[in-house]
Amino acid sequence: MSEEPKIEEKVVQLVDTGKLDTKVVPLTYPKTIDGITYESVTIRRVTTQQMADFIAHMVAGRRAVPPMLDLPLEVYQEIDDDDMMVIEDEMAPFTPRRLKAMLQSVEDTGEATSA
């Protein structure tokens with residue numbers, strides 16, 4: 001019986017380039033959901049894999065939280081709409097070009113593509 005080769009986990013760290021990689025946006029209308037109070041939302045840069053997963057969800061017609069946000073879907077759906085407008089404005093610099101192109105395509109044609 002042969003041993004399976006060990007797969008080494010890689011340690012990946014973001015290199016500090018002086019560019020913003022996260023931003024915390026306070027909520028004007030915090031929510032408590034399942035005993036957890038959400039008073040802010042953290043927006044972050046995303047990886048290629050996170051984008052691929054998000055696009056796959058969208059193309060399949062499933063709801064998904066934009067990968068720039070660290071929130072469960074249930075919480076995302078309960079955010080006050082005025083807070084969401086602020087979050088969306090603050091998310092713009094973190095939104096990958098691929099997602100911007102996909103959203104523009106949906107806006108132009110009404111169909112999602114994998115850009």
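## Overall layout

From the N terminus on, the elements of the chain run β-β-α-α-α-α. In total, the secondary structure comes to four helices and two strands. This is a predicted model. The chain has 115 residues, and 25% of them count as buried.

Several of these elements come up again below. Strand β1 covers residues 22-33, and strand β2 covers residues 36-44. Helix α1 spans 48-59 and α2 spans 73-76. Helix α3 holds residues 81-91, and α4 runs over 97-109.

## Two salt bridges

How many salt bridges does a search of the whole structure find? The search finds two. One of them joins K23 and E90. Their closest N and O atoms are 2.7 Å apart. K23 lies in strand β1 and E90 in helix α3, so the pair ties together parts that are 67 residues apart in sequence. K23 is partly exposed, with a relative accessible area of 30%. E90 is partly exposed too, at 26% relative accessibility.

In the other salt bridge, the side chains of D70 and R44 meet, at 2.7 Å from N to O. Is R44 buried or exposed? R44 counts as buried, because its relative accessibility is 18% and the cut-off for buried is under 20%.

## R44 and a backbone oxygen

R44 has a further contact. The backbone oxygen of P67 lies 3.2 Å from a polar atom of the R44 side chain. So the side chain of R44, a residue of strand β2, takes part in a salt bridge with D70 and has a polar contact with the backbone of P67.

T42 is partly exposed, with a relative accessible area of 30%. V41 is buried, with a relative accessible area of 2%.

## Two loop residues

D34 lies in the loop between β1 and β2. Its phi is near 50°. That is a positive value in a residue other than glycine. D34 counts as exposed, at 78% relative accessibility; the cut-off for exposed is over 50%.

D80 lies in another loop, the one between α2 and α3. At 24% relative accessibility, D80 counts as partly exposed. Its C-alpha atom is separated by 8.7 Å from that of K31. Along the chain, D80 and K31 are 49 residues apart.

## A negative patch

Which residues form a negative surface patch? They are D81, D82, E88 and D89. One of them, D82, has its place in helix α3. D82 is partly exposed, with a relative accessible area of 48%.

T95 has its place in the loop between α3 and α4. Is T95 buried or exposed? T95 counts as buried, at 13% relative accessibility. A polar atom of its side chain lies 3.0 Å from the backbone oxygen of M91.

D82 of the negative patch is in α3. E90, which bridges to K23, is in α3 as well.

Key. Residues are numbered from 1 along each chain as its sequence is written. This is a predicted model: local features need pLDDT of at least 70, side-chain atom pairs count only at pLDDT 80 or more; totals for chains, interfaces and linings use all residues. Side-chain values use heavy atoms; hydrogens and water are left out. Patches are made of residues with over 30% relative accessible area and no salt bridge: like charges are joined within 9 Å, nonpolar side chains (Val, Leu, Ile, Met, Phe, Trp, Tyr) within 5 Å. Accessible areas come from the Shrake-Rupley method with a 1.4 Å probe; for residues, only the protein chains shown count as cover. A salt bridge is a side-chain nitrogen of Lys or Arg within 4 Å of a carboxyl oxygen of Asp or Glu. Lys and Arg count as positive and Asp and Glu as negative; His and the chain ends are not counted. The place of a charge is taken as NZ of Lys, CZ of Arg, CG of Asp or CD of Glu. Buried means under 20% relative accessible area, exposed over 50%, partly exposed in between (1.4 Å probe, protein chains only). A polar contact is a pair of N or O atoms within 3.5 Å; within protein, one must be able to donate a hydrogen and the other to accept it, and residues adjacent in sequence count only if both atoms are side-chain atoms.
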